[in-house]
Amino acid sequence: MVWFERIRMKSKIKWAALGGLVLSFASIMVHLFLAKSSASLVQYGAITAFTEDLNHIDNSGRKGAGYRRLWGKVNALEPLQPYANPRSIPYLVPNGKNNGFVYAKIHGGFENIRTSICDLVTVARLLNATLVIPEIQESTQSKGISSKFKSFSYLYDEDLFIAGLASDVIVVKSLPPNLKEGRIKKQYPIFRPKSSSSPNFYLNDVLPKLKSAKVIGLILTDAGCLESILPSSLVEYQRLRCRVAFHALHFRAEIVRVAHQMVERLRGSGQPYLAYHPGLKRDTLAYHGCAELFQDVHTELIQYRRAQMIKRGVIKEQLIVDSYTRKANGSCPLMPEEVGLLLRAMGYPPRTRIYLAGSEAFGGQRVLIPLRAMYANLVDRTSLCSKHELSNIIGPETQFPADSFEFPPTKSAKQLKEEWDKAGPRPRPLPPPPDRPIYRHEKEGWYGWIAEKDSEPDPSPNYFRDKAHRLLWDALDYIVSLEADAFFPGFDNDLSGWPDFSSLVMGHRLYKMASSRTYRPNRKYLTELLNSTSEHLYHPPRNWTLKVREHLNESMSEDGILHGFRQLKPKSFLSHPLPECSCTTVKSADSQKGSGLQIIYGEQNECPLGLELGLKTVGSQESSDDDPETQEDETETELLDSDENSQADTIPSSEQDEEMDPDD
């Protein structure tokens, strides 16, 4: 009997073990299925996190002084209104009897393309010529991209572009058939103008050849083809630049649709959002010598690019410079951690929705970790859009094999030591310990060549395709940044002579709605402030916080406009299109003498009577909606106390503690 009971017990144990194995297998299969089916939904994690903020929203419909201080309009700039219409009488409309055709090829990224198109239209009117829609080389050089979009139409809407300039310049999609053969045979003169080319260059050198050949070609590689500041007699050409940039250039419908969906998701539940562009690009960092602000391989990559620029004559300085001295001069960007500290000082609560613009943030996720720790609702396009939505913008493409990595021939220990001794004092990543092997992933990364070669590998087809995709991502970021309730640039007005993303966004916001909250920080002054309390950055003294607020508030108002008028405009007109492309509703007699607006405008550019009356009607309706009780301003002490309480009420995101790849 005892023997029988033992057999029964063993049988039960076996069945229990078998049942456990079956349940474990079933659990694994369910988890795999859920992970696969929900992969596309992971990108909406930011939207799910946004919904957690609903418990902290004041749904009473009343926007108090604290809200207006962070998100309200800048009252001092409300008189500025967009007005880029022609003002000279008569303004001649183009006709078919002109001097010929101008075709162009544009090289460079998003900023170069946008600036160059505006300059091309202006030059075409200056030469009284017909403009052939320019070719964007970033897309034409990329193999296998969608056949639905090509060249100019890869980014912009051709039909809206032609219609928007009907009263200024005749624009056609291609040369007439009888002239195409001459271009193929290279029979027409070709010019390579600089961004500093003057109108006299076109009138004296280009126009005679255009009249004789009837067709000329322009190759633009310098981010534009016309100087920023034009003589006062050519003020109408400046307004034409504004009409091109702010009215005629429309992104294609697929881009606009997705961008507006992103804005709607950011503003879900009626919440505002701030757009932030870090400005961390390898070329810009190399130009200004900011390599030491980064670590390890990123420093090497910046120095390699700087050496290339010195070799080409772009930079006429030494390879090694003190990056911290450059940063103290305002020549290097504000790092994301510093921007987070400045936003905290302004009083933005930890749940503020921040959109991270910029398709390329050099340094990867590592440099964003401190900012993400302060503001968990930091999102980008990949957080707001599904892969399907982004693929609809790209269109159907030819599949390319993944880039393969070929290991270089093995070097002896003697060769490695000789190369290390000859490397000089450049900051180089330390070699691995002698007993540890070099793992495969350390050589196969996108930067793996830096440890084995002295020259960057030749670009692959996938590299060119990624550059074309970057134009689309920049277009999405441009629209979202333009519509943001507040915009903060990490690196604008770098004085390199190249147009930068932040400056173009700031110029467009200044034209479209000057009173919108657009920060124009003085990096030199803010670096001094940050250095003054470097030991207490996360718990700064109250007077430091007040200084930050005072400076950033002034940067949004007349002082910031006047600073941009003096320093930014000579480098890029589209970054500061005042006063040519706007008007003021304040009469010259009513304006305060010596104010920023009075210095810029003088006694001219008052808005037309019809426009002014329409603005007054809209303004009276908006003011009537406000509760008079909410118009009382809070003192700085009360606002600081409320900010300290709000910062203590931080709920970390569910993904905040997740380990991140520092080399992503």
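The torsion about the S-S bond of C290 and C332 is about -100°, so this disulfide (a pair of cysteine sulfur atoms within 2.5 Å) is left-handed. Its two sulfur atoms sit 2.0 Å apart. C290 belongs to the loop between α11 (282–288) and α12 (297–312), and C332 to the loop between α13 (323–328) and α14 (336–346), so the bond ties together parts that are 42 residues apart in sequence. Helices here are DSSP runs of H or I with at least four residues, strands are runs of E with at least two, and both are numbered from the N terminus. C290 and C332 are both buried. Buried means under 20% relative accessible area, exposed means over 50%, and partly exposed lies in between, with a 1.4 Å probe and protein chains only.

A word on the model itself. It is predicted: local features need pLDDT of at least 70, and side-chain atom pairs count only at pLDDT 80 or more, while totals for chains, interfaces and linings use all residues. Residues are numbered from 1 along each chain as its sequence is written, and side-chain values use heavy atoms, with hydrogens and water left out.

How many disulfides does the structure hold? There are three. A disulfide is a covalent bond between the sulfur atoms of two cysteines. C242 and C581 form one of them, with sulfur atoms 1.9 Å apart. The link of C242 and C581 is right-handed, at 85° about the S-S bond. C242 lies in helix α9 (residues 235–248) and C581 in the loop between α24 (558–567) and β13 (582–584), so this pair ties together parts that are 339 residues apart in sequence. Both cysteines, C242 and C581, are buried.

C583 and C607 also form a disulfide, with 2.0 Å between their sulfur atoms. Their S-S torsion is about 90°, so the disulfide of C583 and C607 is right-handed. This pair links distant parts of the chain: C583 is in strand β13, and C607 is in the loop between α25 (596–601) and α26 (609–625), 24 residues apart. C583 and C607 are both buried.

Count the bonded cysteines along the chain and the pattern reads 1-4, 2-3, 5-6. C118 is in no disulfide; the nearest cysteine sulfur, that of C242, is 8.5 Å away. C118 is buried, with a relative accessible area of 0%. C385 also counts as buried, at 0% relative accessibility.

Now the chain as a whole. Its secondary structure comes to 27 helices and 13 strands. Of its 664 residues, 45% count as buried. Take the contacts (heavy atoms within 4.5 Å) between residues at least 6 apart in sequence: 81% join residues at least 24 apart. The chain exposes about 34,600 Å², with carbon and sulfur atoms supplying 54% of that area. Areas come from the Shrake-Rupley method with a 1.4 Å probe.

Helix α4 (residues 110–126) and helix α20 (residues 461–483) pack at an angle of about 75°, with axes 9 Å apart. The two helices are therefore roughly perpendicular (65 to 115 degrees) to each other. On α4, the contact is made by F110, I113 and R114; on α20, by L471, D474, A475 and Y478. Those residues divide into five nonpolar, no polar and two charged. Nonpolar covers Ala, Val, Leu, Ile, Met, Phe, Trp, Tyr, Cys and Pro; charged covers Asp, Glu, Lys and Arg; the others, Gly among them, are polar.

Note on methods:
Axes are lines fitted to C-alpha atoms, for helices over the stretch in contact, and angles run from 0 to 180 degrees between N-to-C directions. Angles under 35 degrees count as roughly parallel, over 145 as roughly antiparallel, 65 to 115 as roughly perpendicular and the rest as oblique.
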